[in-house]
Amino acid sequence: MASETSKINMFCFFKLPAAWWTGVRLRYIDDEKAVVTVRHRWVNQNPFKSMFWAVQGMAAELSTGAMVMGQIRKSGKKISMLVANNNANFSKKATGKITFTCEDGHLIKEAINKTLATGEGQTAWMKSVGVNEEGIVVSTFNFEWTVKVKN
């Protein structure tokens, strides 16, 4: 587990530097769940002294996308992945440490199994909920991931 999270965090350093420098870090991942944290700091704040919405989006997307990458790797096949759609709701100022959790790993596993069986592209909506240190929801993101077997 620890090696998987450190590998994905190293991937972020090299391939997603904006996420890395703003403090987005994967803390836990398995087949069903991923947890990503980010702390409100000067480098990721907006003019209203809370976390910029795009930083929250990067953390939320990583909590879903890390599971997509993991399921693709487990399949052993070449599969493309792409966010086709997303939406978000912001319910409270994001300050302090924000933890984004996605528990929709089963949905992407089903989509990957279907694309492997049919050869056709599949989609799965995955939800990530961000809570502050008091356990209050600050934002909810939904991402529509598309997966398709590469030729």
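Author: Let's begin with a term: a residue is called exposed when its relative accessible area is over 50%, buried when that area is under 20%, and partly exposed in between. Lysine 74 has 54% relative accessibility, so it counts as exposed. Please keep in mind that this is a predicted model.

Lysine 74 belongs to helix H3, so let's look at that helix. H3 runs over residues 53-75, which makes 23 residues. From the first C-alpha to the last, H3 reaches 33 Å, close to the 33 Å expected at 1.5 Å a residue. H3 also has a bend of about 30°, located at serine 63. Just after the helix comes glycine 76, with a positive phi of about 75°.

Now for the charges. Side chains of opposite charge can pair when their charged atoms come close. There are 3 salt bridges in the structure. One of them joins glutamate 4 to arginine 73, at 2.7 Å from N to O. Glutamate 4 sits in helix H1 (residues 2-15) and arginine 73 in H3, so this pair links distant parts of the chain, 69 residues apart. Glutamate 4 has a relative accessible area of 21%, so it is partly exposed.

Lysine 74 has a partner too: its side chain meets that of aspartate 31 in a salt bridge of 2.5 Å, N to O. Here again distant parts of the chain are linked, since aspartate 31 lies in the loop between strand E1 (25-29) and strand E2 (34-39), 43 residues from lysine 74. At 30% relative accessibility, aspartate 31 counts as partly exposed, while lysine 74 is exposed, as we saw.

Glutamate 133 is in the loop between E5 and E6, arginine 39 is in strand E2, and 94 residues separate them. Arginine 39 counts as partly exposed because its relative accessibility is 41%.

The loop between strand E5 (122-131) and strand E6 (137-149) is also where you will find glutamate 134. With a relative accessible area of 60%, glutamate 134 is exposed.

To finish, here is a charge with a ring: arginine 25 lies over the face of tryptophan 20, at 3.4 Å from the ring centre. Tryptophan 20 is itself part of a cluster that ring pairs build with Phe13, Phe14 and Trp21.

How values were computed:
Residues numbered from 1 in each chain as written. Predicted model: local features only at pLDDT ≥ 70, side-chain atom pairs only at ≥ 80, totals over all residues. Heavy atoms only, no water. Phe/Tyr/Trp six-rings, centres within 6.5 Å; stacked < 30°, edge-to-face > 60°. Lys NZ or Arg CZ within 6 Å of the ring centre and 35° of its normal. Helix = DSSP H or I, 4+ residues; strand = E, 2+ residues; numbered from the N terminus. Expected span 1.5 Å × (residues − 1). Bend = angle between axes of the 7 residues up to and from the residue. Buried < 20%, exposed > 50% of the residue type's maximum accessible area, 1.4 Å probe, protein only. Salt bridge = Lys/Arg side-chain N within 4 Å of Asp/Glu carboxyl O.
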